[in-house]
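Visitor: Could you walk me through this one? I'd like to talk about its pocket and then one of its helices.

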Amino acid sequence: MDQQKTGIVPLWKPRGMTSFQAVKEVGRLLGTKKAGHTGTLDPEVDGVLPICIGRATKLVEYLTAEEKVYHGEVTIGFSTTTEDQTGEIVTEAVPEELFNSADLEHVFTSLTGTITQTPPMYSAVKVKGKRLYEYARNGETIERPSRQVTIYSLALLNAPRRNTDGTVSLSFRARCSKGTYIRTLAVSIGEKLGFPAHMSKLTREASGFFAADMCLTLDQLKQSVLSGRLDECLVSVEEALKMYPAVTVSEKDAGKVLQGAILPLPEGISFEDDPFLAVFSPNGTCLALYKQDDKRAGKMKPEKMIRTVDHPG
């Protein structure tokens, strides 16, 4: 791959592959080691996984979307150690009757809005310098800090289905904030219905700006590379940063931005709703993300340089 190639590959990660393996495979196909994803998907979860390459890797943390959309399935009848279908069974209690729509609507409504979640023991959250899954694999259970997340919408997608083993499954779509554990949400649905439950299937349909209909499979990406159409597949830094307010500066100020200068706040720009401002050159190139300078009234300073004097292209 051209050393200057920069952008985001909107990958559709398959089930059975870790996010790290997906990044490594994209890097191999594109001939670069400079690649990183914008939000981990568990191995058994498929869906949208944006992968940054080249200079776009500087933006990984800023493209980790505040809002995500998932299509999930909860199976009610037993809980597991991992809160999903990969874990060992902990408790079992199969519902004798299918749930009615009124009960389900009540439960889904009660879980919509700001809720408190405790991360699963089998998760990548760090506590006392170690990932929770490291404690779990050693048979340890430790106290975990709870967090507040937001479920913007939670919709039932089908009537409850009785499985051959007596368990009951139902599908849902959740639009939620960053940091939400859908596994834990599935368990909460079961708890509110009075039964142990686990997440039996999950697909990420959108991650901020990136949606399912934008994505490529690994095979499609490979064909694009072989046919010389990689540029058609890459989402530019400029396009990806549309989530932030933007300002275009003069040629003179663009030179200052490339040197990391502190600049006056543009007229009409406020950082009350958005923490960052994307700064563009007159030719439409995004140079940097800026933030308010709390030490200097009416000024803004660089948060992340995307182009510099040494690397302006």
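This is a predicted model: local features need pLDDT of at least 70, side-chain atom pairs count only at pLDDT 80 or more; totals for chains, interfaces and linings use all residues.

Visitor: OK, what volume does the largest pocket have?

Guide: The largest pocket has a volume of about 1,100 Å³. Of the 38 residues lining this pocket, T40, L41, D42, Y181 and R183 are the closest to its centre.

Visitor: And which elements give two or more residues to that lining?

Guide: Those elements are α1 (19–30), β4 (67–76), α3 (132–137), α4 (182–193) and β13 (197–207), and the largest share, five residues, comes from β13.

Visitor: How does the lining split by class?

Guide: The lining of the largest pocket has 14 polar, 13 nonpolar and 11 charged residues.

Visitor: Switching to α4, is it mostly covered or mostly uncovered?

Guide: Helix α4 is mostly covered, with 10 of its 12 residues buried; the buried residues are I182, R183, T184, L185, A186, V187, S188, I189, G190 and L193.

Visitor: What span should α4 have, and how far apart are its ends?

Guide: At 1.5 Å a residue, the 12 residues of α4 should span 16 Å, and its end C-alpha atoms are 17 Å apart, so the two values agree.

Visitor: Which residue follows α4?

Guide: That residue is G194, and its phi is positive, near 90 degrees.

Technical notes
Residues are numbered from 1 along each chain as its sequence is written. Side-chain values use heavy atoms; hydrogens and water are left out. On a 1 Å grid over the protein atoms alone, a cavity is a set of points where a 1.4 Å probe fits but cannot get out, and a pocket is an open set with protein on both sides within 12 Å along at least five of seven lines; lining residues have an atom within 4 Å of a point. Grid points are joined across faces, edges and corners, and a volume is the space filled by probe spheres set on the points. Helices (H or I, at least four residues) and strands (E, at least two) are DSSP runs, numbered from the N terminus. Ala, Val, Leu, Ile, Met, Phe, Trp, Tyr, Cys and Pro count as nonpolar, Asp, Glu, Lys and Arg as charged, and the others, Gly among them, as polar. The expected span of a helix is 1.5 Å times one less than its number of residues. Buried means under 20% relative accessible area, exposed over 50%, partly exposed in between (1.4 Å probe, protein chains only).
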